[in-house]
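Here is a short report for a reader who is meeting this structure for the first time. Keep the sequence and the 3D view at hand while reading.

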Amino acid sequence: MNRLKALEEIIGYRFENKQLLQNALTHSSFSHENRNKSITYNERLEFLGDSVLSLVISRYLFENYPKLPEGDLSKVRAAVVCEHSLWQCALNIELGTFLRLGHGEEMTGGRTRISILADAFEALIAAIYLDSGLPQVREWVLGQLHETIVAAVNGKRFKDFKTTLQETIQAQSNQAISYRVVSESGPDHQKSFFVHVLLDDVVFGEGEGNSKKRAEQAAAQDALTKLKKTRGKS
């Protein structure tokens with residue numbers, strides 16, 4: 001059984017256009033290491049998949065939870081479509097096994113990296129949407145995320161580190177939280193950002209990522225870890 005067919009068996013969907021699936025599974029690092037072959041990678045599909053996913057989840061919540069106010073609908077949707085949630089979905093279908101990665105990304109654990117798997121899952125959503133349309137992708141997405149939606153509605157949802165840090169600090173004091181990009185490095189296709197999180201202009205956490213958003217999340221996570229250690233000593 002070839003690679004694409006094996007994934008189709010796992011996800012329960014058969015592509016008419018196999019190239020869409022191939023593109024969804026191709027990371028930019030693979031394309032950049034094979035420049036002479038003009039290989040399409042999944043970032044454009046990821047962009048489209050993000051919008052399709054948001055629409056599918058928004059409509060489902062709107063139709064099935066009529067008593068939830070707008071604010072709660074937004075919170076539940078954010079929890080369902082967050083990076084950690086999509087990463088879990090990607091793990092459930094063994095998506096990392098089927099990715100085409102560059103050698104460097106392969107050697108540094110790219111097949112299990114949260115950002116790569118979450119992005120590839122969004123790209124897969126877009127590929128199904130382009131291959132068969134909205135009704136089919138809606139059915140598939142809701143099948144993958146049903147348990148996550150129920151958990152989120154019941155309050156058992158993933159929180160991003162920035163939100164958790166904000167809520168933790170606000171519960172204790174009026175300190176202002178801000179994020180500052182300290183440095184950027186690497187070529188355009190492999191940028192690395194280094195960020196500080198500050199409490200009242202004092203550095204309290206630092207993090208690195210391949211986007212400002214992810215670097216900020218890492219910095220917030222670092223700050224939360226330090227807060228827990230501080231509490232443990234008090």
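The model is predicted.

## Helix 8 and helix 9

Start with a pair of helices. Helix 8 spans residues 114-132 and helix 9 spans residues 134-153. Their axes come within 7 Å and cross at roughly 150°. The crossing of helix 8 and helix 9 is right-handed.

Which residues meet there? Helix 8 brings Phe121, Leu124, Ile125, Ile128, Tyr129 and Ser132. Helix 9 brings Leu134, Gln136, Val137, Trp140, Val141 and Gln144. By type, the residues of this contact are 9 nonpolar, 3 polar and no charged.

## Helix 6 and its partners

Helix 6 covers residues 83-92. Its buried residues are Ser85, Leu86, Trp87, Cys89 and Ala90. What do they pack against? The buried residues of helix 6 pack against helix 4, helix 5, helix 8 and helix 9. Helix 5 runs over residues 70-80.

## Leu53 in helix 4

Leu53 lies in helix 4. Is Leu53 buried or exposed? Its relative accessible area is 0%, under the 20% cut-off, so Leu53 counts as buried. Setting aside residues up to four places away in sequence, Leu53 touches Val81, Leu86, Glu122, Ile125, Val141 and Leu145. Some of these names have come up before. Leu86 is one of the buried residues of helix 6. Ile125 and Val141 both belong to the contact of helix 8 with helix 9.

Val81 deserves a separate look. Leu53 and Val81 are 28 residues apart along the chain. Their C-alpha atoms are separated by 7.4 Å.

Helix 3 covers residues 28-32, and helix 4 covers residues 43-64. Ser31 is found in helix 3. Asn34 lies in the loop between helix 3 and helix 4. Asn42 lies in that loop too, between helix 3 and helix 4.

How buried are they? Ser31 counts as buried at 8% relative accessibility. Asn34 is buried, with a relative accessible area of 17%. Asn42 is buried, with a relative accessible area of 6%.

The table lists the distances.

| Side chain | Backbone oxygen of | Distance |
|---|---|---|
| Asn34 | Phe30 | 2.7 Å |
| Ser31 | Ile39 | 2.7 Å |
| Asn42 | Ala24 | 3.0 Å |

Now the wider surroundings. Leaving aside neighbours within four places in sequence, Ser31 is in contact with Ile39 and Tyr41. Ile39 is also the residue whose backbone oxygen the Ser31 side chain reaches.

Asn42 touches Asn23, Ala24, Thr26, His27, Ala120 and Ala123, again not counting residues up to four places away. Ala24 supplies the backbone oxygen that the Asn42 side chain reaches.

Asn34 and Gly102 are 68 residues apart in sequence. In space, they are 8.6 Å apart, C-alpha to C-alpha.

## Aromatic rings

A pair of aromatic rings is described by the distance of the centres and the angle of the planes. The count here comes to 2 aromatic pairs. One of them joins Tyr13 and Phe15. Their centres are 4.9 Å apart, with 90° between the planes. Planes over 60 degrees apart count as edge-to-face, so the pair of Tyr13 and Phe15 is edge-to-face.

Both partners can be checked for burial. Tyr13 is buried, with a relative accessible area of 8%. Phe15 counts as buried at 4% relative accessibility.

Which residue follows helix 6 with a positive phi? That residue is Glu94. Its phi is near 55°, a positive value in a residue other than glycine. Glu94 is found in the loop between helix 6 and helix 7, the latter at residues 103-107. Glu94 is partly exposed, with a relative accessible area of 44%.

Asp201 has a positive phi of about 70°, although it is not a glycine. Asp201 lies in the loop between strand 2 and strand 3. Strand 2 covers residues 192-199 and strand 3 covers residues 202-209. Is Asp201 buried or exposed? Its relative accessible area is 63%, over the 50% cut-off, so Asp201 is exposed.

Definitions and conventions: Residues are numbered from 1 along each chain as its sequence is written. This is a predicted model: local features need pLDDT of at least 70, side-chain atom pairs count only at pLDDT 80 or more; totals for chains, interfaces and linings use all residues. Side-chain values use heavy atoms; hydrogens and water are left out. Helices (H or I, at least four residues) and strands (E, at least two) are DSSP runs, numbered from the N terminus. Buried means under 20% relative accessible area, exposed over 50%, partly exposed in between (1.4 Å probe, protein chains only). A polar contact is a pair of N or O atoms within 3.5 Å; within protein, one must be able to donate a hydrogen and the other to accept it, and residues adjacent in sequence count only if both atoms are side-chain atoms. Contact means heavy atoms within 4.5 Å. Axes are lines fitted to C-alpha atoms, for helices over the stretch in contact, and angles run from 0 to 180 degrees between N-to-C directions. A crossing is left-handed if the near helix is turned anticlockwise from the far one by less than a right angle, and right-handed if clockwise. Ala, Val, Leu, Ile, Met, Phe, Trp, Tyr, Cys and Pro count as nonpolar, Asp, Glu, Lys and Arg as charged, and the others, Gly among them, as polar. Rings of Phe, Tyr and Trp (its six-membered ring) pair if their centres lie within 6.5 Å; planes under 30 degrees apart count as stacked, over 60 as edge-to-face and the rest as tilted.
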